[in-house]
Amino acid sequence: MSRLIIFCKNGVETLSYFSAQMAQAFASRDYEIFWLDLNMTGLGAWKLRQMVPGKEAVLVTFNCIGLSGEEGLWELDDAGMACSSIWEQLGIRCLNILADHPMYYYKPLRHPVPGMRVYCIDRDHAAYMKRFYPQIPCGFLPLAGNCLPGEALVPGQAESLEQWIKRPYPVVFTANYVPLANIEKQLRSLEPEYRDFYFEIIHALVRHPGQDLFSCIETYLRREMPDITDEGICSAMSTMPAVDLWVRTHFREKTVRALAEGGITVHVFGKDWEQMPCSHPQHIISCGRMIDSAGCARAMAQGKIALNTMPWFKDGAHDRIFTAMLQQAVPLTDASTYLQENFRDMDPVVYYDLEKLEELPQKAGQLLQEPEQMHALASRGKSLAQQHHLWACRADMLEADF
């Protein structure tokens, strides 16, 4: 029986890029690849119905895309509610990678596609799934690094020290800037009781950034409602994305500002950085626009240090870290349990402390003054990422569950 793997495109750009690199890996192993165009789901569903019979088919998707009642992929009941998916009808297994905390996907997880398997990119997230959605099989699948287009299977060669020293960007950060005021507007529109409760949680996470999001929130929920059930906690968590976004945005802004105001020039690739208040804006060099995943990888390939701030993954990793390694840049990041199990400080990842951001400019400055040491770290990182942290490596992990 021939083997068919279905990926989605024309949704979230980064997730399509991840999928494209995995698709290259599977295609090299003689899997047939089908791309479901999210702009034309009706046509895609028709094509799938022609292709799937007689084949062993698997959907590999991210963030419940295709599994959330999309038009063309689901039949509707008399009340107009999605009730039966094409995946169930055609016997297609669904492997669903959650690149964010499961609280963002409360509705599709409450009513999962039969036979769906979930993968979380943080082990705390996987523990959350096993507690609140025990009926859904769940595993841990770390994010991976992005290669330049065409290099997913054979990444480019490492640069010599002489080449590497000529890189034009001392520090690169690939992320958009989101003004906190945009998130606060949403929170301040709530009833005062709820608004004050959310800000109390936010302030607790800012004071003690080492704690994971869920443990902190659960503590406050139980303080207010001692008899709350797990079902109640799970429901309440689905209202907390603004808390998550506020805290991660706060530290992203604070980290970049600490470097710039400490005299370290940061080249930022993403939109709206000119809106960030900073006493030394001359040290923030912005490309002035949003860029795609390939552009982010190209920027890191021109940088010596690649800055990362974790999106509150306390037992996982962000793809920026592995992308930096693949592009032979030194990742400078706050830590997580998973990262520290896999990489010692200065071998090849360099860690900073969110509670000691005043020390960050000196740490970055010392690295930049030692190019030979940085090149050695970056070269080791590239080798490790090529061996263990390509999307092709994650394809190996998924294939074991086909």
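**Salt bridges**

Side chains of opposite charge can pair when their charged atoms come close. In this predicted structure there are 20 salt bridges, and the table sets out three of them with the distance from nitrogen to oxygen.

| Salt bridge | Distance, N to O |
|---|---|
| D230 and R222 | 3.9 Å |
| R248 and D244 | 2.7 Å |
| R257 and E253 | 2.4 Å |

Two of these pairs lie in helix α11, which runs over residues 241-261. R248 and D244 stand 4 residues apart in that helix, so about one helical turn separates them, and R257 and E253 are likewise 4 residues apart in α11, with about one helical turn between them. Where accessibility is concerned, R248 is buried, because its relative accessible area of 17% falls under the 20% cut-off, and D244 is buried too, with a relative accessible area of 4%. E253, the partner of R257, has a relative accessible area of 10% and is also buried.

The remaining pair in the table has another setting, for D230 is partly exposed at a relative accessible area of 33%, and R222 is partly exposed as well, at 31%. These two residues also belong to a network of salt bridges, in which R131, E218, R222 and D230 are linked.

**The helices α5 and α9**

Two packed helices are described by the angle between their axes and the distance between the axes. For helix α5 (residues 123-132) and helix α9 (residues 213-224), the axes come within 11 Å and cross at roughly 45 degrees, and the two helices are therefore oblique to each other. Where they touch, Y128, R131 and F132 of α5 meet F214, E218 and R222 of α9, and the residues of this contact divide into 3 nonpolar, no polar and 3 charged.

**The buried face of α15**

Which residues of helix α15 are buried? In this helix, which covers residues 360-368, they are L360, P361, A364, G365 and L367. Seen down the axis of α15, these buried residues fall within an arc of 160 degrees, so they line one face of the helix. The elements that cover them include two helices, α11 and α16 (371-388), together with the strands β12 (303-308), β13 (330-334) and β15 (348-352).

Methods:
Residues numbered from 1 in each chain as written. Predicted model: local features only at pLDDT ≥ 70, side-chain atom pairs only at ≥ 80, totals over all residues. Heavy atoms only, no water. Salt bridge = Lys/Arg side-chain N within 4 Å of Asp/Glu carboxyl O. Buried < 20%, exposed > 50% of the residue type's maximum accessible area, 1.4 Å probe, protein only. Arc of directions from axis to C-beta. Contact = heavy atoms within 4.5 Å. Axes fitted to C-alpha atoms, helices over the stretch in contact; angles between N-to-C directions. Parallel < 35°, antiparallel > 145°, perpendicular 65-115°, else oblique. Nonpolar A, V, L, I, M, F, W, Y, C, P; charged D, E, K, R; others polar.
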